[in-house]
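Me: Got a model open here. Can we go through the helices and charge pairs?

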Amino acid sequence: MHIKDLRNLSTDALQSRLNQVSMDLSIERRKIASTGVQAKKAKIREMRRTIAQILTLLRERGASK
């Protein structure tokens with residue numbers, strides 16, 4: 001997700017998006033751990049980047065994690 005799209009979301013929407021992306025990331029990491037295949041490195045990198053962007057926006061707005 002692009003930062004422009006994230007900036008348009010409300011704080012509550014950002015919190016729910018953060019929870020969703022974090023859960024998706026943990027699922028992908030478990031899949032890699034169980035199969036040993038690392039074919040989705042780009043997807044994991046994008047999820048980590050999205051989480052960092054959301055946390056940055058929340059901190060800018062003064063909302064806690």
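Me: Which residues are exposed on the other side of H3?
Reply: Lys41, Ala42, Arg45, Arg59 and Glu60. Exposed means over 50% relative accessible area, buried under 20%, partly exposed in between (1.4 Å probe, protein chains only). Helices are DSSP runs (H or I, at least four residues), numbered from the N terminus.

Me: And which are buried in H3?
Reply: Ile44, Met47, Thr50, Ile51, Ile54, Leu55, Leu57 and Leu58. They cover an arc of only 160° around the axis, so they sit on the same side of H3. That arc is taken from the directions from the helix axis to the C-beta atoms.

Me: What is the source?
Reply: This is a predicted model: local features need pLDDT of at least 70, side-chain atom pairs count only at pLDDT 80 or more, and totals for chains, interfaces and linings use all residues. Residues are numbered from 1 along each chain as its sequence is written, and side-chain values use heavy atoms, with hydrogens and water left out.

Me: Switching topic. How many salt bridges?
Reply: Three, counting a side-chain nitrogen of Lys or Arg within 4 Å of a carboxyl oxygen of Asp or Glu.

Me: What does Glu28 pair with?
Reply: Lys31, with the closest N and O atoms 3.7 Å apart, and Lys43, at 3.5 Å. The Lys43 pair links distant parts of the chain, H3 and H2. Glu28, Lys31 and Lys43 form a network.

Me: Is Glu28 buried or exposed?
Reply: Glu28 counts as buried, because its relative accessibility is 7%.

Me: And where does Glu60 go?
Reply: Glu60 bridges to Arg7, closest N and O atoms 3.3 Å apart.

Note on methods: Helices (H or I, at least four residues) and strands (E, at least two) are DSSP runs, numbered from the N terminus.
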